[in-house]
Amino acid sequence: MALHFERAEFDARLDRLKMEMAEQKLDAVLLFAQESMYWLTGYDTFGYCFFQSLVVKADGSMVLMTRSADLRQARHTSTIENIIVWMDRENAHPASDLRNLLNDLDLLGCRIGVEYETHGLTARNGQMLDEQLKTFGTIVDISGLVGGLRTIKSPAEIKKAEKAAALSDEALKAALPLIKQGADEGDILAKMQGTVFAGGGDYPANEFIIGSGSDALLCRYKAGRRKLTKNDQLTLEWSGAFHHYHAPMMRTVLVGKVSKRHQELYDAAREALEAVEGRMRPENTFGDVYDAHAKVMEARGLTRHRLNACGYSVGARFSPSWMDAPMFYAGNEAGIVPNMTLFAHIIIMDSENDAAMTLGQTYLTTDGAPKALSRHDLDLIVR
């Protein structure tokens with residue numbers, strides 16, 4: 001089997017889940033998030049775009065219900081032994097098949113947790129599922145249960161994150177010589193992604209973000225490329241990915257002359273990121289970290305140019321996004337604890353002056369100050 005962790009690691013994760021299920025008096029859970037299935041069993045696929053569910057009972061026994069295309073995928077990449085295939089056919093109703101499976105597992109009338117908040121369960125499939133289960137037992141929304149367990153990384157997971165961070169570093173190193181007047185964004189993007197692949201990495205859970213000129217003020221990938229001009233700005237957000245673990249980075253690189261406004265924005269971003277680092281400690285919350293960022297932005301008159309979040313947890317994620325919970329935003333009372341991998345970014349988009357500035361990297365939390373996983377410094381990059 002193509003497992004990326006020792007069996008003992010998966011056994012320990014299952015034990016943690018069973019403890020949470022006992023605490024919430026759950027007889028079974030229906031997992032739909034691919035991240036949950038991967039974390040618990042190693043199951044690695046993009047087949048979650050179709051209906052599939054991993055049923056975990058309170059005694060730790062598991063059954064995966066999926067399509068025929070993923071039967072061998074599950075056998076090869078996971079610890080799952082019991083796999084049931086629902087049939088692709090006209091008017092197929094996999095939610096009904098799942099209810100029949102739950103009945104066969106003697107779960108009628110039981111307390112069952114459902115993982116609703118995930119890309120792996122569309123609204124339509126969720127409606128069909130609810131229709132099947134409304135008279136079957138007591139249904140509880142356990143969205144975030146496994147996600148909460150995944151937030152704190154084991155030593156083996158930290159090694160994956162460190163490898164992902166090393167790939168992020170190498171991608172930036174490879175890109176820098178290409179960034180200059182006349183450079184094509186496509187060449188830069190190809191070099192970064194190719195470096196990750198060449199280093200043994202994977203596709204990231206979302207596209208790398210690249211934009212120059214006015215597009216440097218965008219925070220999402222978009223189609224279309226341009227060439228850099230004499231005095232330009234290039235915003236990059238990328239992540240090495242290793243066995244699906246991510247360690248994102250973010251930079252706005254300046255080409256040619258540094259304007260007064262760009263220098264002001266960089267100074268603010270640097271101060272804000274250092275303030276964030278100062279709060280990224282176990283005695284604080286995710287909301288406290290955000291507040292440290294917002295305070296700097298307000299003091300520098302940049303409130304209208306900042307975003308309403310400044311980072312989030314990262315780990316093993318699947319498309320369409322490498323973002324994970326919790327997130328740094330106002331009022332988030334989730335606590336910082338050791339052994340989290342957190343991406344902190346400062347994003348300043350001054351549309352009035354068509355000026356962008358970003359600065360971000362991934363950290364490992366400790367008992368004290370966080371540890372940056374990148375070897376690169378935070379100095380302004382000018383080419």
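Biologist: What do the side chains of Glu162 and Lys371 meet in?
Modeller: A salt bridge, at 3.8 Å from N to O. Keep in mind that this is a predicted model.

Biologist: Where in the chain do Glu162 and Lys371 sit?
Modeller: Glu162 is in helix α7, and Lys371 is in strand β14 (residues 371–372). They are 209 residues apart, so the pair links distant parts of the chain.

Biologist: New topic. Which residue does Arg13 form a salt bridge with?
Modeller: Glu157. Their closest N and O atoms are 3.8 Å apart. Arg13 belongs to helix α1 (residues 7–23), Glu157 to helix α7 (residues 155–175). The two residues are 144 residues apart.

Biologist: Arg13, buried or exposed?
Modeller: Arg13 is buried, because its relative accessible area is 3% and buried means under 20%. Glu157 is buried as well, at 2%.

Biologist: Which residues are linked with Arg13 in a network of salt bridges?
Modeller: Glu9 and Glu157.

Biologist: And Arg300, what does that residue form a salt bridge with?
Modeller: Glu271, with the closest N and O atoms 2.7 Å apart. Arg300 lies in the loop between α10 (286–299) and β10 (311–313). Glu271 is in helix α9 (residues 260–279). Arg300 is partly exposed at 39%, and Glu271 is partly exposed at 35%.

Biologist: How many salt bridges does the structure hold?
Modeller: The structure holds 18.

Conventions:
Residues numbered from 1 in each chain as written. Predicted model: local features only at pLDDT ≥ 70, side-chain atom pairs only at ≥ 80, totals over all residues. Heavy atoms only, no water. Salt bridge = Lys/Arg side-chain N within 4 Å of Asp/Glu carboxyl O. Helix = DSSP H or I, 4+ residues; strand = E, 2+ residues; numbered from the N terminus. Buried < 20%, exposed > 50% of the residue type's maximum accessible area, 1.4 Å probe, protein only.
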